[in-house]
Amino acid sequence: MAFVELAGIQKQFGDVAAVDDFNLQVERGEFVSFLGPSGCGKTTTLRMIAGFEQPTAGTIVVDGVDITHRPPNQRNVGMVFQSYALFPNMNVADNIGFGLKVHKKPKEAIDRRVEELLTLIHLKGRGARFPYQLSGGQQQRVALARALAIEPQVLLLDEPLSALDAKIRVALRTEIRAIQRQLGITTVYVTHDQEEALSLSDRVVVMNDGRIEQIGSPSEIYNFPATSFVASFVGTLNLLAARVVDPSAGRLAVEGQEIRAAKPISGARSGEIVSVALRPESISLEEGPEGTNRLRGPVVDVSFLGSIVRLRIRLGDGPTVSLDTFNDPNLTLPPIGEAVTVSFPPEASLVLDQPAAAPGADVAAGD
Amino acid sequence: MRGRGSLWAWMIFGLGAAYFIVPLIATFEFSIRTKPDMFLAYRQVLADPKFGDGLWYSFIVGVLTIVVSLLIIVPTAYWVRLKVPRLRPIVEFVTLMPFVIPPIILVFGLIRIYSRQPLVLTATDIGSNVLLVAAYVVLSFPYMYRAVDTGLAAIDVRTLTEAAQSLGAGWARIILRLIFPNLRTALISGAFLTLAIVVGEYTIANFLARPAFGPYLSLLGQNQPFQPAAVSLISFGLTWLAMGMITFLGRGARTRVQVAGAR
Amino acid sequence: MASAMTPVSVRDAPPARPARRRPSWSWLGLVPFFLFSIAFMFLPIMFLVVGSFQDSEGQLTLENYADLSTGVIPNAFANSIEISAVTAIGGGLLGFLLAYSVILGGLPRFLRTALMTFSGVASNFAGVPLALAFIFTLGQAAILTAWLKTLGVDLYGSGFSLYTKIGLELVYMYFQFPLMVLIIAPALDGLRREWREAAENVGASSGQYWRHVAIPILMPSLMGAVILLFGNAFGAQATAFQLTGGTLNIVTLVISSQIRGDVQHNPGLGYAIAMGMVVIMAISIALYSVLQRRAERWLR
């Protein structure tokens with residue numbers, strides 16, 4: 001049985017469903033992320049687990065116990081807030097020890113535990129500092145320690161890194177994951193940053209508009225997106241409109257150039273427009289072996305991104321497709337305007353459920 | 001605890017409301033005891049030229065006070081924030097001093113100083129009016145400065161100024177066209193507070209022998225039974241109206257001015 | 001937090017000027033302000049200070065200060081301090097509860113707006129109109145007194161009078177509550193929801209949250225507000241005058257009667273008493289400023 005089970009969770013605000021039909025099972029010790037754009041319901045769901053919102057329907061079960069209607073101060077889940085929410089009138093040690101004090105633990109036990117946690121978050125000796133004397137990253141580490149002090153069953157983090165600088169974000173997220181692994185604590189992490197979600201999680205729950213779009217490992221989400229939303233939200237993606245030529249053979253035409261999908265196309269008839277998703281890294285700047293798909297067009301843009309070079313090729317009248325290639329100083333890149341041929345294997349193209357938003361829209365999303 | 005209003009909260013609010021409303025009701029009840037006509041007192045008050053004169057005089061003085069006060073305080077607060085932040089504690093202290101001086105001392109001091117050469121202000125009407133406005137401006141300092149300072153804190157004055165300067169604006173233009181408009185709410189609330197103080201003030205107006213509303217009200221209170229009640233309610237109602245207007249006007253202008261790009 | 005920009009005047013010095021120094025004429029911009037303050041505030045205060053050292057013939061003397069401990073004056077100070085303290089603490093407590101009820105108590109939004117507007121009005125409704133309003137309510141011939149009598153409660157019979165210290169305290173509350181509401185509302189707003197949630201999250205009950213988190217955070221604002229209320233009550237004069245005809249022995253009334261020459265013509269004594277009042281008020285203001293700064297730092 002799963003350690004945390006959310007079944008049929010729904011949250012209505014008036015006649016707006018902020019969260020609808022949310023079902024999830026989290027194993028003990030697992031690190032799960034809720035990923036999605038602002039307003040998708042991920043924070044609301046997290047707050048329902050914490051007890052700050054009451055679900056309109058559904059149940060929340062932790063370690064076999066139904067906590068759906070328990071008040072937030074009796075749930076034994078630890079929460080880390082986006083704004084840290086450290087108590088300004090207490091120093092670091094008192095902040096961390098607050099939960100234990102409230103549970104009437106003896107002073108020595110509290111002091112010991114606070115020392116333990118200070119070491120864990122690499123702030124040993126800073127117990128007497130006050131929140132306003134700390135940097136953002138330090139404050140967030142203290143917030144984490146405060147949540148962990150009461151030895152919660154589940155750790156909840158609500159976009160904990162959004163308020164921090166980019167460099168600190170990367171360093172801190174690695175630290176959070178390391179601590180989580182060390183303690184083996186079941187964790188739910190809410191974020192809108194797909195890079196964070198992919199690099200940290202055992203599994204990712206992609207949400208949109210209150211509903212779950214897909215649940216899977218980071219690799220599954222990235223490489224096998226179930227819907228066009230997931231495909232466009234996670235990672236950079238080329239989304240092309242293609243006309244179905246022969247569904248049973250998987251043949252499509254993009255701006256008049258024919259390509260082949262790896263599998264027959266189900267659910268669409270000849271002549272219909274569907275979306276084809278292509279990851280930039282799966283396209284190569286060469287003719288490729290027999291049987292691969294080829295597209296031809298002039299280069300319109302070359303961007304140097306450090307370890308990656310991204311080229312954009314125009315197809316036909318409007319749409320462009322981006323391809324990523326590893327930086328190689330010895331390789332001469334085609335100048336802008338030159339017509340090139342690019343290729344990709346049939347397996348790299350994903351035919352998705354609905355057509356792209358506008359025909360030929362090139363969605364390089366997820367930046 | 002944040003349900004549909006706890007019983008506790010309703011009770012407290014109810015008691016508070018009762019405490020505030022009962023005297024007003026009592027005053028109203030008293031004011032309509034006149035015979036034979038219930039609203040006789042109100043009619044008399046409104047017909048009395050001294051009521052209108054007193055109110056009008058105080059209103060004009062109030063407006064003048066607000067204008068002078070703004071002209072002094074806004075550039076000063078702006079300058080302190082921008083150029084001489086080290087002097088800020090001193091300026092703040094000076095603006096808090098009017099709290100410390102009893103008005104009667106202020107007016108006596110002013111009379112003594114400005115009734116002898118070289119600056120004899122008390123001898124003439126104009127001179128006395130000037131003194132009155134000056135005294136009221138001093139009394140308004142704490143409120144005006146606090147309101148303006150808070151308003152300035154909410155907008156990024158430095159960046160706003162630099163942007164304007166890079167576009168070629170001079171100081172006067174910056175203050176008039178940039179600072180004043182962005183301080184709308186702060187200025188309005190400071191202005192109305194000042195107006196309320198001026199219209200209700202008694203001591204200074206009395207000792208300077210000015211025909212203001214405060215002395216009128218006091219005299220009325222000593223001579224007439226019912227009219228003071230009517231006047232009290234009228235002035236209370238007017239103040240309420242004014243305050244309601246501030247809240248209403250202030251609603252739109254409470255946006256923070258974003259000068260920097262996305263954060 | 002403030003941006004980490006260096007002030008423009010320190011970098012990017014225009015090359016034309018060889019030795020770059022921050023121009024120290026900037027304070028000139030404050031001249032109008034200081035001139036005005038000197039002319040219409042400091043000079044009268046100087047007059048007060050000097051006058052307190054003069055007797056009725058204008059000779060320099062310390063007698064006025066010596067006289068501060070004689071006659072009714074110490075009692076006046078005691079009364080003023082008592083009235084101010086009582087209305088500050090009482091008004092502070094009740095004003096806090098009132099503000100809490102509309103801001104955090106879950107009452108409909110329009111009640112909060114109404115209370116704020118009303119507080120803006122009521123905190124200025126002092127002086128003559130207020131005194132009159134209470135006379136109409138609880139004076140001997142007033143409506144509430146009569147109504148209470150029908151309930152069997154004889155106010156004036158059992159020694160209560162509106163025209164005493166207690167009565168004045170009751171009247172002062174009318175502008176002390178609203179003032180407290182106005183001052184403490186921003187602080188209550190600043191009490192972030194996440195603090196409460198963080199406290200609940202680690203197991204605190206509502207009471208524990210208030211005791212360990214909310215009240216300590218609010219304490220500087222609360223204390224500052226109470227001190228401001230104290231000063232406000234101490235300096236009030238017109239209300240007391242209208243209510244008691246100038247007979248109650250409090251500092252502000254004593255000052256005005258001395259200066260007007262009602263009693264012996266010794267304005268110098270009045271000035272000395274006023275100096276005493278100034279000192280008390282100045283201490284209040286200073287304490288208030290210190291507490292405000294502390295509150296600002298925490299509630300940022």
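Mentor: Two residues are in contact if their C-beta atoms, placed from the backbone, lie within 7 Å. Please keep in mind from the start that this is a predicted model.

Trainee: With that in hand, which pair of chains shares the most contacts?

Mentor: There are 2 pairs of chains in contact, and of these it is chains B and C that share the most contacts. Chain A and chain B, by comparison, are joined by no contact, and their closest C-alpha atoms lie 10 Å apart.

Trainee: How many residues does each chain bring to the contact between chains B and C, and which element gives the largest share of the side of chain C?

Mentor: As a general matter, the size of an interface is often given as the accessible area lost when the parts come together. Here we have residue counts instead: 60 residues come from chain C and 66 residues from chain B. On the side of chain C that touches chain B, helix α1 (residues 31-52) of chain C provides the largest share, with 11 residues. Sorted by class, that side of chain C holds 41 nonpolar and 19 polar residues, and no charged ones.

Trainee: How should I read the angle between two helices across this contact, and what is it for α11(B) and α5(C)?

Mentor: Helix α11 (residues 213-223) of chain B packs against helix α5 (residues 128-138) of chain C at an angle of about 25 degrees, with the axes 10 Å apart. Because angles under 35 degrees count as roughly parallel, α11(B) and α5(C) are therefore roughly parallel to each other. The residues that meet are B:L217, B:S218 and B:G221 in α11(B) and C:V128, C:P129 and C:L132 in α5(C). This contact of α11(B) with α5(C) divides into 4 nonpolar and 2 polar residues, with no charged residue.

Trainee: And how do α1(B) and α5(C) cross?

Mentor: The axes of helix α1 (residues 7-31) of chain B and α5(C) come within 8 Å and cross at roughly 80 degrees. Since the range from 65 to 115 degrees counts as roughly perpendicular, α1(B) is roughly perpendicular to α5(C). From α1(B), the residues B:V22, B:P23, B:L24, B:A26, B:T27 and B:F30 meet C:A133, C:F134, C:F136 and C:T137 of α5(C). By class, the contact of α1(B) with α5(C) consists of 8 nonpolar and 2 polar residues, with no charged residues.

Trainee: Turning to the contact of chain C with chain A, how many residues does it take from each chain?

Mentor: It takes 17 residues from chain C and 19 residues from chain A. On the chain C side, α8 (193-201), α9 (206-234) and α12 (267-298) each supply at least two residues, and α8(C) gives the most, with 6 residues. The classes on that side of chain C are 8 nonpolar, 4 polar and 5 charged residues.

Trainee: What is the overall build of chain A, in helices and strands and in domains?

Mentor: Chain A has 8 helices and 19 strands, and is divided into domain 1 (4-229) and domain 2 (236-352), whose centres, taken over C-alpha atoms, are separated by 39 Å. Along the principal axes, the C-alpha atoms of chain A fill a box of roughly 75 × 50 × 35 Å. Of its 367 residues, 43% count as buried.

Trainee: How do I read a sheet in chain A, and in what order do its 5 strands lie?

Mentor: Strands of a sheet pair through backbone hydrogen bonds, either parallel or antiparallel. In the open sheet of chain A the order is β13-β12-β11-β14-β19, and the pairing is antiparallel. The edge strands are β13 (257-260) and β19 (350-352) of chain A, each of which pairs on one side only, while the twist from one strand to the next averages 45 degrees. Within this chain, strand β11 (residues 238-246) is joined to the antiparallel strand β14 (residues 273-278) by 6 bridges, and A:R243 stands opposite A:I273 in β14(A).

How values were computed:
Residues numbered from 1 in each chain as written. Chains lettered and ligands numbered in written order. Predicted model: local features only at pLDDT ≥ 70, side-chain atom pairs only at ≥ 80, totals over all residues. Axes fitted to C-alpha atoms, helices over the stretch in contact; angles between N-to-C directions. Helix = DSSP H or I, 4+ residues; strand = E, 2+ residues; numbered from the N terminus. Parallel < 35°, antiparallel > 145°, perpendicular 65-115°, else oblique. Nonpolar A, V, L, I, M, F, W, Y, C, P; charged D, E, K, R; others polar. Domains from an automatic or database assignment. Pairing = 2+ DSSP bridges. Buried ≥ 20, exposed ≤ 12 C-beta atoms within 10 Å, placed from the backbone.
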